[in-house]
Amino acid sequence: MLRPIEARLDANRSRVPTQRGHTDDSPWHSSAACRRDEAGLFFAPSKEPTAARLAREEQAKRVCGRCPVLLECREHALLQPEPYGVWGGLTAAERRVVLARRRRREQELREAARIGTQVAAAG
Ligand code: SF4
């Protein structure tokens with residue numbers, strides 16, 4: 001039987017760029033704290049009331065808070081992107097905010113580079 005984190009990962013995309021010494025031989029999810037927790041904690045059951053969802057997400061985030069591969073998991077969820085559930089201590093809505101900020105920052109950097117090129121050419 002698959003453990004929770006493996007159940008959440010598509011076998012074809014379970015490897016992510018390493019950040020803290022994990023190699024292809026030791027995928028990040030092999031160290032996941034949620035391997036020992038209920039998979040149901042990280043995803044909403046259908047028709048979950050808001051109060052129950054918030055409580056469940058806080059519980060999931062507490063598991064993430066003691067997870068040694070939080071950054072790898074979060075980056076995986078952002079890069080995929082994973083549309084549902086708590087990954088890397090962030091809900092789907094929180095990940096959308098992070099991605100929007102990243103896109104805005106990248107746009108600002110591209111614009112700054114474009115202006116810098118124009119100034120250099122004019123100088
Ligand atoms: S950060 Fe959270 S969701 Fe990700 S592997 Fe760790 S416990 Fe699981």
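Mentor: The largest pocket has 14 lining residues, and those nearest its centre are Ala44, Glu57, Tyr84, Gly85 and Ala92. A pocket here is found on a 1 Å grid over the protein atoms alone, as an open set of points with protein on both sides within 12 Å along at least five of seven lines; a lining residue has an atom within 4 Å of a point. The elements giving two or more residues to this lining are α2 and α4 (92–122). Helices are DSSP runs of H or I with at least four residues, and strands are runs of E with at least two, numbered from the N terminus. The volume of the largest pocket is about 180 Å³, where volume is the space filled by probe spheres set on the points, which are joined across faces, edges and corners. By class, the pocket lining holds eight nonpolar, two polar and four charged residues. Ala, Val, Leu, Ile, Met, Phe, Trp, Tyr, Cys and Pro count as nonpolar, Asp, Glu, Lys and Arg as charged, and the others, Gly among them, as polar.

This is a predicted model, in which local features need pLDDT of at least 70 and side-chain atom pairs count only at pLDDT 80 or more, while totals for chains, interfaces and linings use all residues. Residues are numbered from 1 along each chain as its sequence is written, and side-chain values use heavy atoms, with hydrogens and water left out.

A cavity is a set of points where a 1.4 Å probe fits but cannot get out, and the count is two cavities of 30 Å³ or more. The largest cavity has a volume of about 80 Å³. Its lining has 15 residues, with Cys34, Cys64, Cys67, Cys73 and Gly88 nearest the centre. At least two lining residues of the largest cavity come from each of α1 (4–8), α2 (50–65) and α3 (70–79). Its lining comprises 13 nonpolar, one polar and one charged residues.

Cys34 also belongs to the largest nonpolar core, which has 18 residues; Ile5, Trp28, Cys34, Phe42, Val63 and Trp87 touch the most other members. To this core, α2 and α3 each give at least two residues. Such a core is a set of buried Ala, Val, Leu, Ile, Met, Phe, Trp, Tyr and Cys residues joined through side-chain atoms within 4.5 Å, buried meaning under 20% relative accessible area with a 1.4 Å probe, protein chains only.

As for the whole protein chain, it has four helices and zero strands. Of its 123 residues, 36% are buried.

Conventions. Buried means under 20% relative accessible area, exposed over 50%, partly exposed in between (1.4 Å probe, protein chains only).
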